[in-house]
Amino acid sequence: MKHLTIIAAVGRDGAIGRGGDLAFHISADLRRFKALTTGHTVIMGRRTFESLPKGALPDRRNIVITRTPGFTAPGIEVADSLEKAIGMTGDENAFIIGGGTVYHAAMALADRLELTSIDADTPDADTFFPSVSETDWTVETESAPETDPRSGVTYTFRTLRRKPH
C-alpha cells in the first residue's frame, strides 16, 4: 500500500521556516530526515527546492511543484500541482518535504506524519506548519525528549498515523 508522508521539524508555535531557510538546524533531525527519505520520492515546492544548499537531494527521486513555465534543474522532475506530483509517484511511497503551502495542501491527503516537535518558538518565523488535529491523527511513536548540543533546544521525534474514518 502506498503511503504519503509529511515530514517536518515544527516549533512550539508552528514555525518551520524564516527567510527562506529552516527555522531550526538540529543535526539529529537532519540525520533522521535523510534516513527516512533516502531511497524514496520527495515532493517539494520550488522555493523549498531553491533553498537546498546543493540542489536535488541525492539518492532520492526529487519532484518539484512549480507554476513557473520551463523551470528545470539537474536531478529533478517538475509538476505544476500537488496532485500531479503525487500521480507521478505511481505506487511508490512519497514524502512531502515542504514548504508551508505544500504542507497545507497535502495535509488532507497524507496518511502519516513524521514530525520533529521542537520545544521552542521562533518570533521571526515567516512559514508555519498546519495545525494537527487530534481527532484526525494518532501518535504511533514518540521518542524521549533530547536536547540539541549546538542550539540547546529540546525536541522529540513523533510518528502520527491518520485515524480511519
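This is a predicted model: local features need pLDDT of at least 70, side-chain atom pairs count only at pLDDT 80 or more; totals for chains, interfaces and linings use all residues.

The part to look at is helix α1, which spans residues 27–37 and in which Ala-28, Asp-29, Arg-32 and Thr-37 are buried. Seen down the axis of α1, these buried residues fall within an arc of 150°, so they line one face of the helix. An α-helix has 3.6 residues a turn, so residues three or four places apart point the same way. The face of α1 turned away from the buried side carries Arg-31, Lys-34 and Ala-35, which are exposed.

What do the buried residues of α1 pack against? Their partners are the strands β1 (4–11), β4 (41–45), β7 (94–96), β8 (112–118) and β12 (154–162). Of β8's seven residues, six are buried, and the strand is thus described as mostly covered. β8 runs parallel to β1, to which it is joined by seven bridges, and in this pairing Ala-9 has Thr-116 of β8 as its bridge partner. With β12, β8 pairs in the antiparallel sense, again over seven bridges, and here Leu-115 stands opposite Arg-158 of β12.

After α1 comes Gly-39, whose phi is positive, near 85°. Gly-39 is also among the residues in contact with Arg-60, as are Phe-33, Lys-34 and Thr-37, once neighbours within four places in sequence are left aside. Arg-60 itself lies in the loop between α2 (46–51) and β5 (61–65). The side chain of Arg-60 does, however, reach the backbone oxygen of Pro-58 at 2.8 Å.

Finally, consider Asp-148, which is found in the loop between β11 (146–147) and β12. Asp-148 counts as buried because its relative accessibility is 4%, and the cut-off for that word is under 20%. Although Asp-148 and Ala-28 are 120 residues apart in sequence, their C-alpha atoms are 7.7 Å apart in space. Leaving aside neighbours within four places in sequence, the contacts of Asp-148 are His-25, Ile-26, Ser-27, Val-153 and Tyr-155.

Definitions and conventions:
Residues are numbered from 1 along each chain as its sequence is written. Side-chain values use heavy atoms; hydrogens and water are left out. Buried means under 20% relative accessible area, exposed over 50%, partly exposed in between (1.4 Å probe, protein chains only). Helices (H or I, at least four residues) and strands (E, at least two) are DSSP runs, numbered from the N terminus. The arc is that of the directions from the helix axis to the C-beta atoms. Contact means heavy atoms within 4.5 Å. A polar contact is a pair of N or O atoms within 3.5 Å; within protein, one must be able to donate a hydrogen and the other to accept it, and residues adjacent in sequence count only if both atoms are side-chain atoms. Two strands pair if DSSP finds at least two bridges between them.
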